[in-house]
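Here is a friendly briefing to read beside the model. Please have the sequence and the 3D view open as you go.

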Amino acid sequence: MCIRDRIVSAQKLATNTQFKAYLNNDFNSVTAENDMKMRSIFIGPNNYDFSKGDAIISYAKQNGFRVFGHALIWHSSIPDWLVNFTGTDMAFEELIETYIKETVAHFSQEKIILNGQEISVVAGWDVVNEALNGDGTLRESIFLKVLGENYLETVYKMAEKYDSNADLAYNDYNLCKPKKREGAVKLIKSLQKNGAKINSVGIQAHWQLTSPTLEEIETSILAFSELGVKVMFTELDISVLPNPWELSGAEVTQNFKKFEGDKKMNPFPENLPDSVKEKLAKRYENIFKLFVKHKDKISRVTFWGVTDKFSWLNDWPIKGRTNYPLLFDRNY
Ligand code: G3I
């Protein structure tokens, strides 16, 4: 089954009725854009704030949606108190294990009846997000430094231990580029060989009008499904604005301050010309035709937002632009 999924925030669910109405009409699964990340939850040692995640779970439960948890371990979402951790390696590992345990156990408690079966509202977790560099090697991070080069195996085993029913995913961007795809294939094979559970790979689809090509996307669908994991297209949005890189990507640490206010980089501040609208519609059509062709291999498609108005792409990689990446415009 292909689950249509949208990202949300607890605040928008609480305050925006239009947002809720559109979610209910067209989608059956939601992902929190930020509310279930480590920075939102793990506010101190033995101190957890599940409130925003709970609001999303409760909304999902009332409306018959499932939730895909994003993300347990991500180098970009480490709370400040933990980034500067100075304790022993063993103490760090214990903190991470307790955080994974508390988080997955907490969210697995809420159940929903679907097709006559009682299951957890939370279908699964992006256990590790963005662990790879562009060349397919492991990215430097506190997790790699302290837990060692087998850290993914360690944390996937922890996640399985505390919620054995959850689908466990690896999620990353640029997985349609050959080197990074090869790195991810190697990583998944190594998890499988070492007995860690991995059900799916999340291909973050922060894409452009022409890149990646449909062929590159298809090559990735085939390469990952050959490993026996399901393919999920997560974080789908299509930027129509000039890309300050030659290459596509979602590296959050880049800084393009020099382009702020540059009209060439923000060509559609009022509205999107029809010619570009058509290109965007055609691009979505082609992508979804490919998804349908491979629907037996794809378990979920997630858009990274509902309306263009709130898309992260209005402020990244250049702040203050007007982008049109999603299905709904600024008036829904
Ligand atoms: O809510 C606060 C606001 O109160 C404050 O005034 C403002 C000042 O900076 O910050 C607001 O929080 C921001 C939050 O987005 C909500 O807009 C954070 O600073 C900002 O860091 C956060 O960015 C998120 C980013 O991940 C980092 O967590 C984006 O919304 C979110 O779309 C983005 O999502 C990531 C995926 O998780 C992983 N893949 C890449 C993708 C894009 O970077």
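How are α9 and α10 oriented to each other, roughly parallel or roughly antiparallel? Helix α9 (residues 178-193) and α10 pack at about 10 degrees, with their axes 11 Å apart, and they are therefore roughly parallel to each other. This is a predicted model, in which local features need pLDDT of at least 70 and side-chain atom pairs count only at pLDDT 80 or more, while totals for chains, interfaces and linings use all residues. Residues are numbered from 1 along each chain as its sequence is written, and side-chain values use heavy atoms, with hydrogens and water left out.

**Terms for the helices**

- Helices (H or I, at least four residues) and strands (E, at least two) are DSSP runs, numbered from the N terminus.
- Axes are lines fitted to C-alpha atoms, for helices over the stretch in contact, and angles run from 0 to 180 degrees between N-to-C directions.
- Angles under 35 degrees count as roughly parallel, over 145 as roughly antiparallel, 65 to 115 as roughly perpendicular and the rest as oblique.

**α9 with α10**

- On the α9 side, R181, A184, V185 and I188 make the contact (heavy atoms within 4.5 Å), and on the α10 side E216, T219, S220, A223 and F224 do so.
- Five of these contact residues are nonpolar, two are polar and two are charged (Ala, Val, Leu, Ile, Met, Phe, Trp, Tyr, Cys and Pro count as nonpolar, Asp, Glu, Lys and Arg as charged, and the others, Gly among them, as polar).

**α10 with α11**

- Helix α10 (residues 214-225) also packs with helix α11 (residues 274-293), at an angle of about 25 degrees and with the axes 11 Å apart.
- That angle makes α10 roughly parallel to α11.
- From α10, L214, I217, E218 and I221 meet R283, N286, I287, L290 and K293 of α11.
- The residues of this contact comprise five nonpolar, one polar and three charged.

**α6 with α8**

- The axes of helix α6 (residues 89-108) and helix α8 (residues 151-162) come within 9 Å and cross at roughly 40 degrees.
- α6 is therefore oblique to α8.
- The crossing of α6 with α8 is right-handed.
- Residues E93, I96, E97, I100, K101, V104 and A105 of α6 touch T154, V155, M158, A159, K161 and Y162 of α8.
- Eight nonpolar, one polar and four charged residues make up the contact of α6 with α8.

**Around the ligand**

- A polar side-chain atom of H70 lies 2.7 Å from an oxygen atom of the ligand.
- N34 has a polar side-chain atom 3.0 Å from a ligand oxygen atom, and W304 likewise has one at 3.0 Å from an oxygen atom of the ligand.

**Backbone points to inspect**

- Most residues other than glycine have a negative phi, and most peptide bonds are trans.
- H70 is joined to A71 by a cis peptide bond with omega about -5 degrees, and A71 lies in strand β5 (residues 66-74).
- Another cis peptide bond runs from S211 to P212, with omega near -5 degrees; P212 sits in the loop between β10 (200-208) and α10.
- E235, in strand β11 (residues 230-239), has a positive phi near 60 degrees.

Definitions and conventions:
Polar contact = N/O pair within 3.5 Å; in protein donor to acceptor, adjacent residues only side chain to side chain. Left-handed = near helix turned anticlockwise from the far one by under 90°.
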